[in-house]
Amino acid sequence: MISLDLLANAVVAGILLGGFYAAVTVGITISFGMLDIANIAQPAFILLGSYTAYIVNSSLHLDPILIGVVMLPVFYLLGMAVYRLYYHAFESRGEQAIQGLAFFFGLLFVGEVSLILIFGVDYRFVEAPYIGPSLRFGIFDLPYRMLIPFIVSLAMIGGLQLYLTRSFIGRAILAVSQDALALQLMAASPTRIKQIAFGISVATCALAGTFLIIIQPVEPSIGRDYIGRIFAICVLGGMTSIPGMVAAAILIGVVESITATFYGPSWAPAVAFGFLLITLAVRPAGLAGR
Amino acid sequence: MRNATFWLLAGAVGLAVVLLTRVFFTNEYFFFAAYVVLQYIVLSTAWNILGGYTGYTNFGTGAFFAMGAYSSAVLHKLPDLLQSTFDLTIPAIPLPVMIVVGGIVSGIVGLGTGYLTLRLRGVFFAIATLALAIVVQTLIVNWDYVGGSRGIYIIRPANAPLGGGYIQYLYTLMMVLSVVAVGIARTIERSRLGLGFAAIRDDELAAEAAGVPTLRLKLIATTLSGALMGMAGAPLPYYVTYLDPTSSFNLAYAVNSVAMPVIGGMTSWIGPVLGAILLGTIQQLATVTISSALNLLIVGLLLIGFVIIAPNGIIGLVRARQRKRAMAVEALSERPVERPAQ
């Protein structure tokens with residue numbers, strides 16, 4: 001007999017987890033879904049965000065989310081620089097496919113090994129007043145360390161969605177994802193638009209990384225678990241659609257949380273990947289796909 | 001060179017190297033290090049059959065490799081299991097049989113993964129292979145019979161066949177596997193199959209339109225590539241004598257098997273061999289002299305450097321140079337000179 005309380009709590013925890021997954025994935029929806037750049041090094045940037053939060057938090061005792069917000073422009077510039085390198089080395093030569101993938105794979109690996117060399121393989125964590133206590137709400141138990149990233153994440157994603165659909169540059173980014181040539185005919189440079197968009201996709205890692213280290217202690221190889229998960233959510237959500245991605249993130253969060261509650265946490269990583277393999281095989285256009 | 005000649009020559013080189021090293025090297029550590037280099041020749045050649053010839057990137061080398069290793073672990077425990085549950089006595093299973101079984105298991109998984117994802121664009125295949133590595137690792141972690149996350153100890157048989165210590169035996173087996181892998185890769189390269197693979201790599205849509213059975217060819221490539229990776233992994237339990245999920249699914253296998261062909265050159269069988277010997281030897285030396293974390297950093301940086309500066313690897317650099325020289329000669333003599341064969 002499954003306890004209903006337990007099930008309800010697992011579902012709520014899953015929704016909160018899904019909000020965090022959405023923050024982790026939104027960058028991939030922009031870079032992979034819209035720009036067609038398979039940035040498998042995204043987890044390395046996320047971990048970079050986590051470790052930045054760790055360094056500043058442990059030395060200056062600032063609030064981790066504030067650190068994430070302050071780091072946004074820095075990560076944006078980093079993303080633009082990576083895109084410039086990628087553009088000159090691969091896109092302008094027309095060699096995106098295998099070499100580009102190998103490039104990002106190399107970045108992922110170099111990022112992980114560098115973090116191991118600098119910080120070692122110990123778990124690192126941040127300190128903040130909301131890590132620990134939780135909000136009791138009827139039968140539900142909502143830990144603040146999950147609730148606050150959830151809220152900030154949805155705010156960030158809502159802001160991004162508004163920016164992409166309402167502002168001029170945002171709509172140009174959507175346009176580049178549909179037809180880069182047409183954009184060129186309208187006298188806008190696809191490369192510049194893509195550079196801005198890739199910058200944004202890396203900038204989201206500053207906050208996503210902070211959420212990660214708020215939710216759980218972090219060690220360098222943890223990023224690997226997220227590669228499959230974020231691509232699963234991106235594909236399941238229909239590649240280019242941010243609302244679809246949020247729905248997919250919450251779905252995966254809930255299924256993972258139920259799996260972890262009833263079958264044990266060691267089975268949870270396989271959930272997202274199982275979803276990914278099934279989605280790719282059965283419905284590659286995803287939930288919200290055309 | 002005809003295929004039969006190449007196989008004979010490769011076999012002769014392998015045999016000569018094994019005989020010479022076993023006569024002249026008495027230090028066991030040499031064989032431990034050489035085993036790893038040979039293992040990478042098999043892995044990178046296997047990766048290249050899919051990645052280099054058809055252009056589909058596989059980041060799941062670790063999964064196929066570990067499946068080979070774990071199928072050996074299962075076979076190693078099988079006689080005990082049969083003894084205790086069915087009271088049936090069978091002799092210990094010899095390692096060459098385990099290698100074949102490991103190859104079959106990984107080959108079937110390769111076929112399945114390919115069937116699920118190869119109808120999509122190449123990027124999806126790459127991501128699916130990353131996912132596969134995690135799925136398989138989760139299954140192994142939760143499988144108590146092979147030790148789960150604790151790992152499993154494997155006791156080596158007391159005496160090795162073919163004389164010498166057990167590590168020399170493993171080294172000899174790995175040399176045989178290397179010769180077989182390289183022989184298969186070169187045979188494919190010069191066959192209709194290889195032409196079909198190259199057509200897929202250059203333009204899959206055009207190949208399909210021209211009547212190349214692309215899906216079937218890609219499935220052949222994933223199966224073959226997966227099977228060779230599994231075979232490379234099968235002797236691992238006896239090499240390390242302690243098998244655990246974290247080290248057998250190590251990302252280093254995936255990075256190395258991508259980096260070695262990229263650095264050597266992906267269009268020819270010699271590329272992965274060159275890359276594996278070069279990078280494998282550097283890593284073995286760096287592990288001893290510097291540190292094992294730093295040598296992985298070197299591999300990653302070399303991979304990034306080569307894909308940016310020399311996307312066709314060492315082979316590409318050599319060929320560009322040959323072409324330049326041929327053109328210079330042509331300009332000097334002012335009459336056409338036969339270009340070197342590609």
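Me: Which residue takes a positive phi in the hairpin of strand 1 and strand 2 of chain A?
Reply: G138(A) does, with phi near 65 degrees. The hairpin has 2 residues between the strands. Strands here are DSSP runs of E with at least two residues, and helices are runs of H or I with at least four; both are numbered from the N terminus.

Me: What kind of model is this?
Reply: It is a predicted model: local features need pLDDT of at least 70, side-chain atom pairs count only at pLDDT 80 or more, and totals for chains, interfaces and linings use all residues. Residues are numbered from 1 along each chain as its sequence is written, while chains are lettered from A and ligands numbered from 1 in the order in which they are written.

Me: What is the bridge partner of S134(A) in strand 2?
Reply: P143(A).

Me: What is the radius of gyration of chain A?
Reply: It is 19 Å, taken over C-alpha atoms. That agrees with a compact globule of 290 residues, which would also be near 19 Å. The globule rule is 2.2 Å times the number of residues to the power 0.38. Along the principal axes, the C-alpha atoms of chain A fill a box of roughly 60 × 45 × 35 Å.

Me: How many residues of chain A count as buried?
Reply: 51% of the 290. Buried means 20 or more other C-beta atoms within 10 Å of a residue's own; 12 or fewer is exposed, and in between is partly exposed, with C-beta atoms placed from the backbone.

Me: What about helix 2 of chain A, mostly covered or mostly open?
Reply: Mostly covered: 14 of its 19 residues are buried.

Me: What comes just after helix 2?
Reply: H61(A), with a positive phi of about 55 degrees. H61(A) is not a glycine. It sits in the loop between helix 2 (42-60) and helix 3 (64-89) of chain A.

Me: Does that leave H61(A) buried or exposed?
Reply: H61(A) counts as exposed because it has 10 C-beta neighbours inside 10 Å.

Me: And M239(A), buried or exposed?
Reply: M239(A) is buried, because 22 C-beta neighbours lie inside 10 Å. M239(A) has a positive phi of about 65 degrees, again without being a glycine. Its loop runs between helix 9 (224-236) and helix 10 (242-263) of chain A.

Me: How many residues of chain B are in contact with chain A?
Reply: 35, and they meet 35 residues of chain A. Contact means C-beta atoms, placed from the backbone, within 7 Å.

Me: Which helix of chain B gives the most to that side?
Reply: Helix 5, with 12 residues. Helices supplying at least two residues each include helix 4 (95-117), helix 5 (122-141) and helix 12 (251-264).

Me: How do the residues on that side of chain B divide?
Reply: 27 are nonpolar, 8 are polar and none are charged. Ala, Val, Leu, Ile, Met, Phe, Trp, Tyr, Cys and Pro count as nonpolar, Asp, Glu, Lys and Arg as charged, and the others, Gly among them, as polar.

Me: Which residues touch the most other members in the largest nonpolar core?
Reply: A232(A), L276(A) and A131(B), out of 196 residues. Helix 5 of chain B gives the most to this core, with 15 residues. A nonpolar core joins buried Ala, Val, Leu, Ile, Met, Phe, Trp, Tyr and Cys residues through C-beta atoms within 7 Å.

Me: What does A232(A) touch?
Reply: Leaving out residues up to four places away in sequence, A232(A) touches I252(A), A272(A), F273(A), F275(A), L276(A) and A131(B).

Note on methods. Contact = placed C-beta atoms within 7 Å. Pairing = 2+ DSSP bridges.
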